[in-house]
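Q: Please take a close look at one helix in this protein. I would like to follow it step by step.

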Amino acid sequence: FLDFGVARKGTIYLLLDEIKKLEKASGDRSTLIEHSPYCFGKILDHLRLEASFTKGLVKSKHGLPVIRDCEKGRYQTVLNHLFPGGSSKIFQD
């Protein structure tokens, strides 16, 4: 415990308790990129294709990414995290 700068034994248990409370409070609202390589890959591919079209490397504009049904909720969460507000317009029709 001294590695964490904690001198009293009870303090670490209080910290762990607070961490558990934060995990419960956040629920499913937090999605880390590394926990969703599928969604991050789809976003990255879309950005690459969009940049290729803008630079004239691709003749026709491509459609939106096709997302598996089981990943749609997670995809939207990651998208909203990376592109808050109106900045996600290039991912919409």
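The request and its answer follow.

Q: In helix α3 (residues 72–82), which residues are buried, and what do the buried residues of α3 pack against?

A: Start with a caution: this is a predicted model. Now the setting. The protein has three helices and zero strands. From the N terminus on, its elements run α-α-α.

Now look at helix α3, which spans residues 72–82. Its buried residues are Y75, V78 and L79. These three cover an arc of only 100° around the axis, which puts them on the same side of α3. An α-helix has 3.6 residues a turn, so residues three or four places apart point the same way.

What does that side meet? The buried residues of α3 pack against α2, which covers residues 37–54. Here, contact means heavy atoms within 4.5 Å.

Step back to the whole protein. Buried residues make up 17% of its 93 residues. The protein exposes about 7,600 Å², and carbon and sulfur atoms supply 59% of that area. Take the contacts between residues at least 6 apart in sequence: 62% of them join residues at least 24 apart.

Finally, check the confidence. The mean pLDDT of the protein is 79, and 80% of its residues reach 70 or more. Among the elements, α2 has the highest mean pLDDT, at 89. Helix α1 (residues 9–26) has the lowest, at 74. Where pLDDT is low, the predicted coordinates should not be read in detail.

Technical notes
Residues numbered from 1 in each chain as written. Predicted model: local features only at pLDDT ≥ 70, side-chain atom pairs only at ≥ 80, totals over all residues. Heavy atoms only, no water. Buried < 20%, exposed > 50% of the residue type's maximum accessible area, 1.4 Å probe, protein only. Helix = DSSP H or I, 4+ residues; strand = E, 2+ residues; numbered from the N terminus. Arc of directions from axis to C-beta. Areas by Shrake-Rupley, 256 points an atom, 1.4 Å probe, with all protein chains shown as cover. pLDDT = per-residue confidence, 0-100.
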